[in-house]
Amino acid sequence: MILRLLACALMTGLSFSTALSQQDAPQRIRIATYNVSLYGKEAAEIRQRLSSPDDTQAKDIARVVQTVRPDILLVNELDYDKDAQVATLLAKNYFAVGQSVADNETLRGIDYPYVYSAPSNTGIDSSLDLNKDGQLQTANDAFGYGIYPGQYAMTIYSRFPIQDDQRRTFQTLKWSAMPGAIRPSSEGASYYRDSTWRQLRLSSKNHLDVPVQVGKQTIHVLASHPTPPVFDGPEDRNGARNHDEVMFWVHYIDAKSQDADSTWIVDDLGNVGGLSSTEPFVVMGDLNADPVDGNSRREAIRQLISHPRVNDVEPKATEEAISTRRSRYRGRGDLATKTADWGRNLMRVDYVLPSVHLNVVGSGVFWPGDDDPREKWIRASDHRLVWIEVQLP
């Protein structure tokens, strides 16, 4: 059997380990999300940086990934380009290359044969003056804030096959289509004119349903990166949008319930409806919403993490690691669950939320303490990698 698999792998160009993973899935897999803050000031900057294996930020990001070793990884804030070269270069020149961590010590590289770099609304001009500053074609006037198209986009890396023909994206779904959408207003007046409101897209980047085949089981990666609920005015247009971007997932996993109206959920190919009630899933990404702290409209994230189809296992950093951060923490939530470091604002905004179908046997937030030599790696981003480990049936 082993020899047949090896021969098949050689003939098809797959690695032996990849052939094995497709034939006999491992007993456990790790699933992670990581906002890597790997973006530039202009288009093609990140592509140029990643074309060589010497970028300091990317090397530290790779060290984190090679330490946790997720089998399925969502990366937020990585540039999108049509040929997926940026995503491919990060995988080839950094994740797959063992990174040195000390004298005579090198981490093992990790191969991701399946990569999906998703298109993003960031930097795509709307031809509208969305922030009402009297100017057009600024970063604030894009369908999603961005200096250039593809900035702050998302990529999914996987050791297991992505079912490309079953992928769904919701890049162009209109915000106003959502039942109960929060239309921004100030002093009783709508912030956007009717004609503008009808053109706005819900996703500041995209919403993705990416099925991954793990052995005989399909796991739906439900990925997004809602806009930060700040950087606006009394109309709270970003706060309202963040709320509704998070609420999309509540609707999506509710869509097959008896009372749900899912006809408004239309993907970019025209397919209608949400996720079947029998399908395992993981809602993932930097959702920019903390259930107890910060400036977001917390109702949406609270509904999501408490949804009957969701098992919020609350991944945590170790007690030893968080003790070095306790003196500067001013929040109300559990410090161990926080995933972003914004000075005194330590927030839980990065999530890996499995469905109740999945048996979670481990989880964590990779956030070493100040005395840990690995602490310098996490300075590559202001977010931390969050992971869960799933026992397969």
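Tutor: Eight nonpolar, four polar and four charged residues make up the lining of the second largest pocket. The model is predicted.

Student: Which residues lie nearest the centre of the second largest pocket?

Tutor: Thr-318, Val-365, Phe-366, Trp-367 and Arg-374, out of 16 lining residues. Strand β16, residues 359-365, gives the most to this lining, with three residues. The space in the second largest pocket is about 250 Å³.

Student: What makes a residue count as part of the lining?

Tutor: A lining residue has an atom within 4 Å of a pocket point. In the largest pocket, 47 residues line the space. Thr-227, Pro-228, Pro-229, Val-230 and Phe-231 lie nearest its centre. The elements giving two or more residues to that lining are β1, α7 and β14 (345-347).

Student: How much space lies in the largest pocket, and how do its lining residues divide?

Tutor: About 1,000 Å³. The lining has 20 nonpolar, 16 polar and 11 charged residues.

Student: Now α7. What makes it largely enclosed by the rest of the structure?

Tutor: Count its buried residues. In α7, 16 of the 18 residues are buried, so the helix is largely enclosed.

Student: Why is Thr-33 called buried?

Tutor: The cut-off for buried is under 20% relative accessible area. Thr-33 has 0%, so it is buried. Thr-33 sits in strand β1, residues 28-38. Beyond four places in sequence, its contacts include Leu-74, Asn-76, Met-284, Asp-350 and Arg-384.

Student: Is Asn-288 buried or exposed?

Tutor: Buried. Its relative accessible area is 9%, and the limit is under 20%. Asn-288 lies in the loop between β12 (281-286) and α8 (299-305).

Student: Why is Glu-314 called partly exposed?

Tutor: Partly exposed runs between the buried limit, under 20%, and the exposed limit, over 50%. Glu-314 has 37%, so it is partly exposed.

Student: What makes Glu-279 count as partly exposed?

Tutor: Its relative accessibility is 25%, so Glu-279 falls in the partly exposed class. Glu-279 is in the loop between α7 (237-254) and β12.

Student: Which residues is Glu-279 in contact with, leaving aside its neighbours within four places in sequence?

Tutor: Thr-218, His-220, Arg-309, Ser-355 and His-357. Contact needs heavy atoms within 4.5 Å. A C-alpha separation is another matter: Glu-279 and Ile-219 are 60 residues apart along the chain, with their C-alpha atoms separated by 7.3 Å.

Student: How far apart in space are Ala-189 and Glu-235?

Tutor: Their C-alpha atoms are 9.2 Å apart, and 46 residues separate them in sequence. Ala-189 is in strand β9, residues 189-190.

Student: What makes Ala-189 count as partly exposed?

Tutor: Exposed requires over 50%, and buried requires under 20%. Ala-189 stands at 41%, so it counts as partly exposed.

Notes: Residues are numbered from 1 along each chain as its sequence is written. This is a predicted model: local features need pLDDT of at least 70, side-chain atom pairs count only at pLDDT 80 or more; totals for chains, interfaces and linings use all residues. Side-chain values use heavy atoms; hydrogens and water are left out. Helices (H or I, at least four residues) and strands (E, at least two) are DSSP runs, numbered from the N terminus. Buried means under 20% relative accessible area, exposed over 50%, partly exposed in between (1.4 Å probe, protein chains only). On a 1 Å grid over the protein atoms alone, a cavity is a set of points where a 1.4 Å probe fits but cannot get out, and a pocket is an open set with protein on both sides within 12 Å along at least five of seven lines; lining residues have an atom within 4 Å of a point. Grid points are joined across faces, edges and corners, and a volume is the space filled by probe spheres set on the points. Ala, Val, Leu, Ile, Met, Phe, Trp, Tyr, Cys and Pro count as nonpolar, Asp, Glu, Lys and Arg as charged, and the others, Gly among them, as polar.
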